[in-house]
Amino acid sequence: MSASKIAIGCMHVLAKLPLPVLRGLGKCIGRVLYMVAGQRRRIALRNLELCFPEVPEAQRKAWAKETFEVFCQTFLDRSWLWFGSEALVRSRVKLVGATHELEGDQSTIVFAPHFYSMDAGGLALPLNTAREFTSIYATNPDPALDAWFMAGRQRFGRVKMLNRADGVKPIIQCLRKGGLLYLLPDMDYGKNDSEFVPFFAVQNTATIPSLSRFARLGKSKVIALYNRMTPEGYVAELTPAWENFPTDDHVADTARMNRELEAAIRTMVPQYYWVHKRFKTRPDGEASLYQK
């Protein structure tokens, strides 16, 4: 039996633990991971330094330690999110905010940035709407893990997964039929198709403008979903539809997307995905921001 299948089997067992016990286990693993995962620790610390140069180093270090803890806690929570009963998931995952934006059949894009709780938010939507819910995925090279991710994310409601490798045509077709799209466009996907716009204190941050372009091509409104881990489980908060979005200027729209995200991150800094090299792609001629 492969290591991944053994790990998935362990998640079946972990799903039965009381939530405080599971969270305590995740916190302990996160503390160990912070010490041993030197490269990821340095990436998180550098990201926080770049984004919050005004914040004392001690505070940034505390955030980095906590981000490893939250990373491990939310990973272990996939046990009950994907193997627990529907009643259990409903009791721990709450959808709040502008839930009325899900009503009707207007084409809608849900901007769902990479907070560690994104998989909880991915279940909160299909649990609370009868509409078909579409998400984009990249195939995991491990078949066992890929199957686990796919099954977990499609276990409730009417969920349709679109492979990123299939391009944008199926996405636009979905939106033009009045679809509900879950979009996570806030990582560094390289220079191709990216625009350099501000993100926190980094003025030239490679950011894909897909939110603006998909909204314009699909004639869609845009709402945001910000997912937060809490002691009781998760809260997924929907925002009202963004006013005056999209515009004819996809660069300005993309800069606005980053500003909206910044405001959400400031309310829960350690819960954002700081272990990713968000600033690895630089404009031509600029040195890497990770060489220190």
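**Note on the predicted chain**

1. The mean positions of the 39 positive and 29 negative charges of the chain lie 5 Å apart. Lys and Arg count as positive, Asp and Glu as negative, with His and the chain ends not counted; a charge is placed at NZ of Lys, CZ of Arg, CG of Asp or CD of Glu.

2. This is a predicted model, in which local features need pLDDT of at least 70 and side-chain atom pairs count only at pLDDT 80 or more, while totals for chains, interfaces and linings use all residues. Residues are numbered from 1 along each chain as its sequence is written, and side-chain values use heavy atoms, with hydrogens and water left out.

3. The chain holds 10 helices and nine strands (DSSP runs numbered from the N terminus: helices are H or I of at least four residues, strands E of at least two). Its radius of gyration is 19 Å, close to the 19 Å that the globule rule gives for 292 residues, so the chain is as compact as a globular protein of that length. The radius is taken over C-alpha atoms, and the rule is 2.2 Å times the number of residues to the power 0.38. The C-alpha trace spans about 50 × 50 × 35 Å along its principal axes.

4. Of the contacts (heavy atoms within 4.5 Å) with a separation of 6 or more, 78% join residues 24 or more positions apart.

5. Glu66 sits in helix H4 (residues 57-83). Its C-alpha is 7.9 Å from that of Gly30, 36 residues away in sequence.
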